[in-house]
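Please consult the sequence and the three-dimensional view while reading.

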Amino acid sequence: MENKNTGQPQGGPPKPPAGQQGMGPKLPAGPRNPFMWGWLVIAAILAVWMFTGDRVVPAEADWNTVRSEMIARGEVEKIVVVNRETAEIYLTTAAAERLRGQEKYRNIPTDEAQAQLKFTIGSVDLFAADIEKAREEFGLELPLDYRNEKSGLGTVLLNFLPWIVLIGFWIFMMNRMSGAMGGGPGGQIMGVGRAKAQVFDKEKQTKVTFKDVAGLEEAKVEIMEIVDFLKKPEKYKELGGKIPKGALLVGPPGTGKTLLAKAVAGEADVPFLSISGSDFVEMFVGVGASRVRDLFRQAKEKAPCILFIDEIDAIGRARGRNAGYSSNDERENTLNQLLTEMDGFGTNAGVILLAATNRADILDKALMRAGRFDRQIEVGLPEIKEREQIFEVHLKNLKLVPDLDRAFLARQTPGFSGADIANVCNEAALIAARGGKAAVDKEDFLAAIDRIVGGLERRSLVMSAEEKRLTAFHEAGHATVSWMLEHADPLIKVTIIPRGRSLGASWYLPDERHNTTREQFMDKIASLLGGRVAEEVFFKTSETGALSDLERATKMAYAMVTYFGMSEVIGNMSYYDSSGSGDMSFTKPFSEKTAQEIDAETKRLLGLAEEMARRVIVENRAGLEALAGRLLDKETVFAEDLEEIFGPSIAEKKKAAAGGDVVAPQSEEPLLDNARDESGDA
Ligand code: ADP
Ligand code: ZN
């Protein structure tokens, strides 16, 4: 019993890997390596040299034959010692003719200038002495020459072969290490320092426009100015206006930052160069910097254009944080080069730099200075209306049942990013196909959402009957308490179907609001503790499955006391550190006495919440039992079931009585975001 969730499933929906953005590096086609041609030529020459058998070369002979036969007859014109190892015998024309008659010497050269015979000599001095003796013996002149000869092509190749192999191997390794470099002059060999930006030209690419980007209205407005500039640069130049050189898109992964940048290029009808920050990080020193240089050179050639750097935090991380690690030097050089290039191009160069990150806070402050990324555009997770629009965009390509409720889908996907929604649509289509359906229906979407949120269903996980009963009461406890407390999150459904690592879960609809009141905190903590309290009330026991409930409840109570000033004893003080630099684990910003007070207050708040939960559960004993029974029966129950058992939720009743909107609280998830927002506004 690992992890029973209440509220939104923890951690939110799984984020798609970065590579899923359809913009991964592409391998260059065609002959991978220009050097290959060199190899082919060399191989061809070697082959020709080795297999041309009928070339005219001096015939092999030996000293004794030459001495006793040719010299004795006076047929030798001269002797040449080549490279101090071979003796070449030049015969008279008549002698050459005579020899050619013999089978053995059939192929000796006819050319006067060439030797007809040759043999290897042991030592030059001994050979010279032999010649001298022969001269005396036969009374002949026998001229003896020496010659040093450059070796033939083959020998050259043989001598250089090891080097060729070595160099070839080295180049091969370089290619392997630096991945597939973009084409262009120099290709692979000189490609290490080249930036492998992906270029989407207007002709090549199916254009992405603002129509394809759902929601993100504010971001679109901000970015419109850039489009305008790219379309009519003269207008701005005449007015002397300055256009920001760069804009930073900040937001969690999958929220459409890349899509937005592409849409800017599409709207303005200019080329779009895309590269990921991590492409600059290479094992070779200096490569990052030279790639930055090359990237900007490419961009300037294509100007006007959009240059998009994804995951800029890979290079833009604040410098000098880990002073002492030399491994950071390379990244710092890269960052410095980036800053230099950004300063280097004029505002009117027509290159607009867009960069994306999900953590603006860790970027080097120098990047934010005026004239660089002086504009930050928030690209947040979509809210309910935006999610509906994103569904609209991605449903276009699916074959759907006619009455599919998009608002319903949007309601079922709180916390989903655009990429998650795209995933849901894709997954739903797959599920429908697997079921052999003609059109994708609501059930397929629900299954897809479940799959993406909670990991694959594990119906096969064996739970003992006792365990299952305990889980049912635990989950019913959460549900009952949240149903009966005014400020708890509205419940969507409760399930005891194990998914991923959790045995059961309650799902709440978080509101899109960005503030949480003290009452909402308390009701939420009470609902979290409801599971454990129900176990205690009905079984007089407790189990480990409540771990994550307790953890979250404790953290919330602690945050109320230390961050949000919601405890009278501590007062309106916040120990939240928005800069993230202070290390709470070493030095606490409060005294030992305050620490004890914080502990006591946290405990008191948790106690109060537990009291609330216990009261609700005891008062609604029968209803809770009925709910647990239904859970055991159906495994999943919805808000309607609770309404049948308990009547309308307290929040609904209050709402009906007041005739107005009840402010529903928000899920626990964005708690720290809230804290950050607040501190930012202050
Ligand atoms: P990011 O760059 O922020 O990580 P992407 O722009 O690569 O995210 O988004 C990934 C995919 O998610 C897009 O290709 C698109 O299919 C989908 N998506 C994300 N946000 C939106 C949106 N606002 N409208 C439509 N589709 C979106
Ligand atoms: Zn629980």
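## Strand β7 and its partners

In this predicted model, alanine 247 stands opposite leucine 354, a residue of β10. The two strands, β7 and β10 (residues 351-357), pair in the parallel sense over five bridges. Alanine 247 also has a bridge partner in β11, namely arginine 375. Strand β11 (residues 375-378) runs parallel to β7, and four bridges join them.

Strand β7 covers residues 246-250, and five of its five residues are buried. In a regular strand the side chains alternate between the two faces of the sheet. In β7, Gly246, Leu248 and Val250 point one way, while Ala247 and Leu249 point the other way. All of these residues are buried.

## The surroundings of ligand 1

Ligand 1 has 17 residues around it, of which Ala214, Gly254, Lys257, Thr258 and Leu259 come nearest. Backbone atoms also approach the ligand: a polar backbone atom of glycine 256 is 3.1 Å from an oxygen atom of ligand 1. For leucine 259, the corresponding distance from a polar backbone atom to a ligand oxygen atom is 2.9 Å. A backbone N or O atom of alanine 419 lies 3.3 Å from an oxygen atom of ligand 1.

Taken alone, ligand 1 exposes 560 Å², and the protein buries 89% of that area.

## A nonpolar surface patch

Val156, Phe160, Trp163, Leu166, Ile167 and Trp170 make a nonpolar surface patch of about 650 Å². Leucine 166 is found in helix α5, residues 153-178. Leucine 166 counts as exposed because its relative accessibility is 51%, and the exposed class begins over 50%.

Definitions and conventions
Residues numbered from 1 in each chain as written. Chains lettered and ligands numbered in written order. Predicted model: local features only at pLDDT ≥ 70, side-chain atom pairs only at ≥ 80, totals over all residues. Heavy atoms only, no water. Patch = residues over 30% accessible without salt bridge, like charges linked within 9 Å, V, L, I, M, F, W, Y side chains within 5 Å. Areas by Shrake-Rupley, 256 points an atom, 1.4 Å probe, with all protein chains shown as cover. Salt bridge = Lys/Arg side-chain N within 4 Å of Asp/Glu carboxyl O. Buried < 20%, exposed > 50% of the residue type's maximum accessible area, 1.4 Å probe, protein only. Pairing = 2+ DSSP bridges. Near = heavy atom within 4 Å. Polar contact = N/O pair within 3.5 Å; in protein donor to acceptor, adjacent residues only side chain to side chain.
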